[in-house]
Amino acid sequence: MFKRKMTALFLALAMCLSLSMANAFATESSLETSHPEIDFNGPMVFYPFVYTEEAGWAWARELIGDCSSCVPGYLYLQDLTTKEITQIIEDPVDMFCPDREILYCIVNGNSVVRTNYWGENKTLLYTAQYGNLANLEHWADSLLFSDGEHVIRFDLITSCWEDLGVFEGITDIYLEEDNSFVWVNSEGVEYARQADGHDAVVYLPEDGLSEHEEYCEMHEDFEYSNANSITPFAVMVPVIFPLSNYPAGSHFVKKASVTCTCHGLDYCSTPSHASYSENCNCGYYKGGYQCEGFARYAMDQYAHYAPSSASWYPLGGDHDVASNVTVTSADDVRLFFQATPSVGYGTYVRVKRSSGTHALVIGEITSRGITVYDANFSNSDPCVVLFKTYSYEKFYSNMTIKDSIVRVVAHPFNGTTEKANSKYHKAYCSIGDCGGYTFLEHASTAPGKNATCKYCGYIGEIWNIAPLTN
């Protein structure tokens with residue numbers, strides 16, 4: 001989440017909630033221990049989702065499988081091992097936020113309910129006071145959401161709620177790490193509530209700098225991201241890192257409950273070894289294992305691409321952007337990443353280290369550094385997944401690049417485009433019959449409430465600026 005510090009001191013009345021459900025109040029700890037046999041710190045073994053028949057959600061239905069019994073607007077859970085799908089809550093769910101096995105849900109637009117993946121210990125936390133409930137966010141021991149044009153903070157420890165005031169035209173909320181927030185109106189303008197009750201503009205669409213870009217510019221280095229990074233909306237969105245089934249701090253392994261104790265042994269060095277399948281738990285994908293397998297997997301997930309060839313992308317193939325690029329300093333690294341247009345989000349990179357090579361996928365590139373999504377970089381924690389931002393100096397020194405960037409593979413998503421929904425269009429890879437694609441936000445040369453997307457022709461509210469040439 002974004003870290004911009006706010007000086008707002010919210011003046012509001014705190015109220016304690018009287019629970020109206022028959023069930024006794026269920027604490028966080030009792031929910032978390034209701035299924036002790038499941039390792040919630042490992043790779044995701046269950047996938048909660050609100051089902052929709054929207055065309056843009058087709059890719060998710062492909063991954064889920066048979067959804068013939070699912071009803072749009074209801075919350076379901078899929079067991080990723082057995083593929084069994086069960087309904088969690090009997091009423092329609094607008095959105096939800098996960099916290100380990102706990103789910104906080106907006107139900108029927110008028111109530112906030114807490115349950116777990118199996119619909120156990122359902123607890124009514126809040127009932128709408130002013131209008132429809134929306135924009136649910138979870139941070140530490142608090143929930144934040146809008147009730148009509150009011151913003152409500154709910155304390156999960158005391159079960160008390162606080163009305164933070166009226167925020168006209170609110171369409172979104174961004175939580176800050178200091179437990180404050182930024183709110184967004186329908187025109188994409190972002191505000192911070194000040195101590196005097198006025199709203200200060202912190203971002204205008206015409207500024208051309210997104211919240212995430214500004215965050216990465218301001219903060220060169222951070223460790224783990226939020227481990228619960230599941231996108232909780234049943235809408236079509238780009239695949240983002242960290243992947244929901246491999247959050248930061250999880251492990252890229254074949255069996256979630258088994259550690260990589262064999263990691264340093266010979267039979268874990270290559271999947272072709274006779275003892276690999278029997279004795280080694282290191283992750284493997286499309287001819288690659290450990291960091292290599294994870295980088296290949298993450299890139300393919302981002303690009304909605306599943307190559308049938310076990311050799312993945314052939315060396316020297318059409319998707320190769322560069323190979324054996326000499327780097328002898330942090331400035332060389334900076335120049336390469338900033339001056340190579342096809343290198344960006346979702347790009348696979350392999351670097352040469354003093355101890356061998358390391359494969360990774362790019363999460364962000366800014367003027368100050370690079371965000372990396374990778375596995376098996378930590379010697380003390382084999383196969384651990386990291387999502388971390390480095391300055392170029394730290395990237396060069398921490399990766400201990402010996403003398404080159406060995407290989408770079410990327411999809412050029414500048415092929416055909418088609419409208420997906422009111423926010424995104426589907427952009428295909430332009431290489432041959434690749435079939436890979438991602439979702440990109442609409443952009444117009446004349447942004448506004450009735451603008452035309454330069455790339456797919458969608459007409460509607462668009463605030464992203466598209467270049468006049470290209």
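**Figure 1. Asn121 sits in the loop between strand S7 (111-116) and strand S8 (123-127).** All the views here come from a predicted model. In this close-up, look at the backbone of Asn121: its phi is near 55°, a positive value in a residue other than glycine. Asn121 is partly exposed, with a relative accessible area of 36%.

**Figure 2. Asn135 belongs to strand S9 (residues 133-139).** Here too phi is positive in a residue that is not glycine, with a value near 55° for Asn135. Asn135 counts as buried because its relative accessibility is 13%, and the cut-off for buried is under 20%.

**Figure 3. A cis peptide bond links Phe241 to Pro242.** Omega for this bond is about 0°. Pro242 lies in the loop between helix H3 (211-218) and helix H4 (276-279). Keep Phe241 in mind for the next view, as Phe241 is among the residues with the most contacts inside the largest nonpolar core.

**Figure 4. The largest nonpolar core brings together 31 residues.** Phe241, Phe294 and Tyr373 have the most contacts inside this core. Two or more residues each come from helix H5 (290-302), strand S21 (356-365), strand S22 (369-375) and strand S23 (385-391). H5 gives the largest share, with 7 residues. Apart from this core lies another, of 22 residues, including Val333, Ile370, Val372 and Ile401.

Notes
Residues numbered from 1 in each chain as written. Predicted model: local features only at pLDDT ≥ 70, side-chain atom pairs only at ≥ 80, totals over all residues. Heavy atoms only, no water. Core = buried A, V, L, I, M, F, W, Y, C linked by side-chain atoms within 4.5 Å. Buried < 20%, exposed > 50% of the residue type's maximum accessible area, 1.4 Å probe, protein only. Helix = DSSP H or I, 4+ residues; strand = E, 2+ residues; numbered from the N terminus.
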